[in-house]
Amino acid sequence: MVGRSRRKRWAGLDASSPRALSVSARIGADLKAQIADGTCPPGSALPSTRALAAELGVSRTTVTAAYDQLIAEGYLETRPGGRTRVAAGLRPDPGPREAAAAPPQRLSAFGRRILAMPPPDDAPAPAIDFRTGDLSGEDFPALAWRRALNAALLRRPARLGYGDPRGLPELRAALQAYLWRARGLRCGLDQIVVVNGSQQGIDLCARLLVDPGDRVVMEEPGYRAARGVFSAAGAAIVPVPVDADGLRTGDLAAIGGARLAYVTPSHQFPLGGVLPAARRQALLDWAEASGATIVEDDYDGEYRFDARPVEALLGLDRTGRVIYVGTISKTLSPQLRLGYLVVPPALGAAFAEAKRLADRQAPGLEQAALARFLAEGGYERHLRQVRRRNAERRAALLAALAESFGPAVRVEGAAAGLHLVAWFPQVPAGREAAMAAAARAAGIGVYPVGPTYHEAANRPDRAGLVLGFAGSGPETIRAGIRRLAAALAAAP
């Protein structure tokens, strides 16, 4: 018979809740809670396993398992012939109120720079969303990808282990052949590094090539996520304006001591300019003369609607100054998280080791599937299909803007890529946030161009919206623009 005082002491133990845990785990969790709140102070004796089992109406084996687990974790201790006791030296948990008042953990300079950045927009997607970077789920080649994935699964290697941090040899060989066919690029296998999306590729460039205080040239306006990477690395961002032909390379002569330049020459983000041959050569000449590295982000170079894709900047590089960043996020899916770098031969070993330290390697199964998809021609067949579909979406967006806004809107950057910029010349730039809010209230997602500028003083005094069109069908796009026009007309 268990005494009244013992019953009272162990009344808090509940062998029936929560149901997701085993009975022994629930007993262990309850004991931990009593140790934490001081009910069972350090050094206090616990009931014997037999007594506690009788008290709780469970088997002695169940209680023994709970005690053994807490002994292994250091909450309890036992000596031969003695009672099981709460381990000496444990301190009660101060509880959430006191813990919240504890001083915060010290962040590194990198961590402090990240927290100082504007927070991302994580609001739920509206019914019709013109966000850039999204693709239509209907475009994903599910059957072809499943076949490639199944083939990769059935290979069943004799040994499972880490591979080359550069990526699977068969994927790098398939990418090597594809880049030669599609982009006119010649490179060695050891120059290709498979990464978890282009964002990781840009991050590796920052880690390996930029020290705090180094000057990094970036397009103005430009890609915020890349700017965030270099800012987090401690770089001093030097914004260089762009025009209808992309980066104004004539402005580079006045910039001294730059360590790196990040550019999107095939389709400038967000304004859409394509860097002409003369400016490409001027950019390469500047990099050679200044000892700088160029990071070429070819994020959507496969999409050009009036001609073949333009030659990559890397194809003109003769001195090993260009790092090429490619991705399948705009052709297959951003959810696959696969991209690749083509780095100068002298940097291959450094990038491979940095990739190894970051995360060992990109996911092997998806790499093997992509290698097969590329080698068998499925990727390029898919690309031809989605290029046609996105041309239809682009045409629908252009027609809808003209119908709903007429001369009140001016479109820029629609000749290539998967987005455009809609300028509203009669609306001041300060109204952009209100425009986006009014659209959001009507179930439409549109995104101001303002945040793509590094310095607000550099942006024109007119409102602009960056509109991606690859995530919706033509009918949805037309309906979205009509609702956008109605929402903006009704806004105060």
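The structure is a predicted model, in which local features need pLDDT of at least 70 and side-chain atom pairs count only at pLDDT 80 or more, while totals for chains, interfaces and linings use all residues. Residues are numbered from 1 along each chain as its sequence is written, and side-chain values use heavy atoms, with hydrogens and water left out.

We can start with the charged side chains. A salt bridge is taken as a side-chain nitrogen of Lys or Arg within 4 Å of a carboxyl oxygen of Asp or Glu, and the count by this rule is 18. One of these joins Glu380 to Arg181, with the closest N and O atoms 2.5 Å apart. Glu380 belongs to helix H14 and Arg181 to helix H8, so this pair ties together parts that are 199 residues apart in sequence. Helices (H or I, at least four residues) and strands (E, at least two) are DSSP runs, numbered from the N terminus. Because its relative accessibility is 41%, Arg181 counts as partly exposed; the classes are buried under 20% relative accessible area, exposed over 50% and partly exposed in between, with a 1.4 Å probe and protein chains only.

Within helix H16 (residues 474–490), Arg478 and Glu475 lie three residues apart, about one turn of the helix. Their salt bridge has its closest N and O atoms 2.6 Å apart. Arg478 is partly exposed at 27%, whereas Glu475 is exposed at 53%. A further salt bridge links Arg131 and Asp134 at 3.1 Å, N to O, and a network of salt bridges connects Asp164, Arg166, Arg172 and Asp190.

Helix H7 (142–154) and helix H14 (378–405) are the elements that give two or more residues to the patch, and H14 gives the most, with three. Arg381, in H14, is partly exposed at 44% relative accessibility.

Turning to the strands, two count as paired if DSSP finds at least two bridges between them. Two bridges join E15 to strand E16 (residues 463–468) in the antiparallel sense, and Pro448 stands opposite Leu465 in E16. Elsewhere, strand E5 (residues 215–220) runs parallel to strand E6 (residues 236–243), with six bridges joining them. Val216 has Ile237 in E6 as its bridge partner. Five of the six residues of E5 are buried.

Most residues other than glycine have a negative phi, and most peptide bonds are trans. Against that background, a cis peptide bond joins Glu220 and Pro221, with omega about 0°; Pro221 lies in the loop between E5 and helix H10 (224–232). Another cis bond joins Phe269 and Pro270, with omega about 10°. Positive phi values occur at Arg156, near 40°, and at Arg360, near 75°. Arg156 sits in the loop between H7 and helix H8 (169–183) and is exposed at 68% relative accessibility. Arg360, in the loop between helix H12 (348–359) and helix H13 (364–375), is partly exposed at 41%.
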